Amino acid sequence: HINPDVFPELNEIVQEQIIDSLDENQIVDIVNELDSDDAVEILEHMDDDEQKSIISRLDPELKYQVQSSLNYPEDSAGRIMSREFVSMPDDWTVKEAKQFLLTDENLPDEFYTIFLTDEKYRPTGEIALDKLLRAKVSEKLSGIMDGEIVPIDVYTDQEEVAHMFREYGWMSAEVVDNRGRLVGVINIDDVVDIIHEE
């Protein structure tokens, strides 16, 4: 018996030993409970046949997220980014934002930053959750956001990503595709793992 939340915290070698001792149903059950970036980290070390078989049995949304992340090069930002994040249009008011947070059932379990986008889904800024909670309900998000952002391209090497986090003192960063659209987020806990690995 293993709690899926524990799995991403295990040493890579221990993870592989446990996976070897589990049947496919158990692996599918564990992966289905993980965030997309953690699921990718486990699946990318499997052989192709086993990987495809497990991915085919994942929940539809996670399946799509995992497949699209695995299409990026192994040491790229696209491979390590998470698809679980909160984004909103930057022309919403604080009242609209709070209403969304109270009613949307698909929000991540934990988040501290809200990422803002324009009408073409390109990142324009971000707001810390505590700042949003203290803001006046009539204010526009674009008026209280931190607009000094440096989006990371999906193909940026993970070493460069780690360097940028250290340079800018980030806790999280947006990842954009070749059209500049927000497709994922990299969090500091993923970067700590990269620094250790490098």
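## Basis of the model

Helices (H or I, at least four residues) and strands (E, at least two) are DSSP runs, numbered from the N terminus. The structure is a predicted model, in which local features need pLDDT of at least 70 and side-chain atom pairs count only at pLDDT 80 or more, while totals for chains, interfaces and linings use all residues. Residues are numbered from 1 along each chain as its sequence is written, and side-chain values use heavy atoms, with hydrogens and water left out.

## Salt bridges

A salt bridge is taken here as a side-chain nitrogen of Lys or Arg within 4 Å of a carboxyl oxygen of Asp or Glu, and a search of the whole structure finds five of them. One of these joins Glu24 to Arg57, with the closest N and O atoms 3.0 Å apart. This pair links distant parts of the chain, since Glu24 belongs to helix H2 (residues 24-32) whereas Arg57 sits in the loop between helix H4 (48-55) and helix H5 (60-70), 33 residues apart. For accessibility, buried means under 20% relative accessible area, exposed over 50%, and partly exposed in between (1.4 Å probe, protein chains only). Glu24, at 29% relative accessibility, counts as partly exposed, and Arg57, at 36%, is also partly exposed.

A salt bridge also connects the side chains of Arg134 and Asp130, at 3.2 Å from N to O. Because Arg134 and Asp130 are four residues apart in helix H8 (residues 129-134), about one helical turn separates them. Arg134 is exposed at 70% relative accessibility, whereas Asp130 is partly exposed at 41%. Asp177 and Arg181 form a further salt bridge, in which the closest N and O atoms are 2.9 Å apart; here Asp177 is buried, at 10% relative accessibility, and Arg181 is partly exposed, at 32%.

## A buried aspartate without a partner

Asp37, in helix H3 (residues 36-43), is buried yet has no salt bridge, and the nearest side chain of opposite charge, that of Arg83, is 9.2 Å away. Charge is assigned by counting Lys and Arg as positive and Asp and Glu as negative, with His and the chain ends not counted. With neighbours within four places in sequence left aside, Asp37 is in contact (heavy atoms within 4.5 Å) with Ile80, Met81, Ser82, Glu84 and Asp190.

## The second largest pocket

On a 1 Å grid over the protein atoms alone, a pocket is an open set of points where a 1.4 Å probe fits, with protein on both sides within 12 Å along at least five of seven lines, and its lining residues have an atom within 4 Å of a point. The second largest pocket holds about 250 Å³ of space, a volume being the space filled by probe spheres set on the points, which are joined across faces, edges and corners.

Its lining comprises 17 residues, of which Glu126, Asp146, Ile149, Trp170 and Ser172 lie nearest the centre of the pocket. Strand E3 (123-128) and strand E5 (172-176) are the elements that give two or more residues to this lining. By class, the lining of the second largest pocket has 10 nonpolar, two polar and five charged residues, where Ala, Val, Leu, Ile, Met, Phe, Trp, Tyr, Cys and Pro count as nonpolar, Asp, Glu, Lys and Arg as charged, and the others, Gly among them, as polar.

## Two loop residues

Most residues other than glycine have a negative phi. Tyr121, although not a glycine, has a positive phi of about 65 degrees; Tyr121 lies in the loop between strand E2 (113-117) and E3 and is partly exposed, with a relative accessible area of 34%. Ser56 is found in the loop between H4 and H5 and is partly exposed, at 44%.
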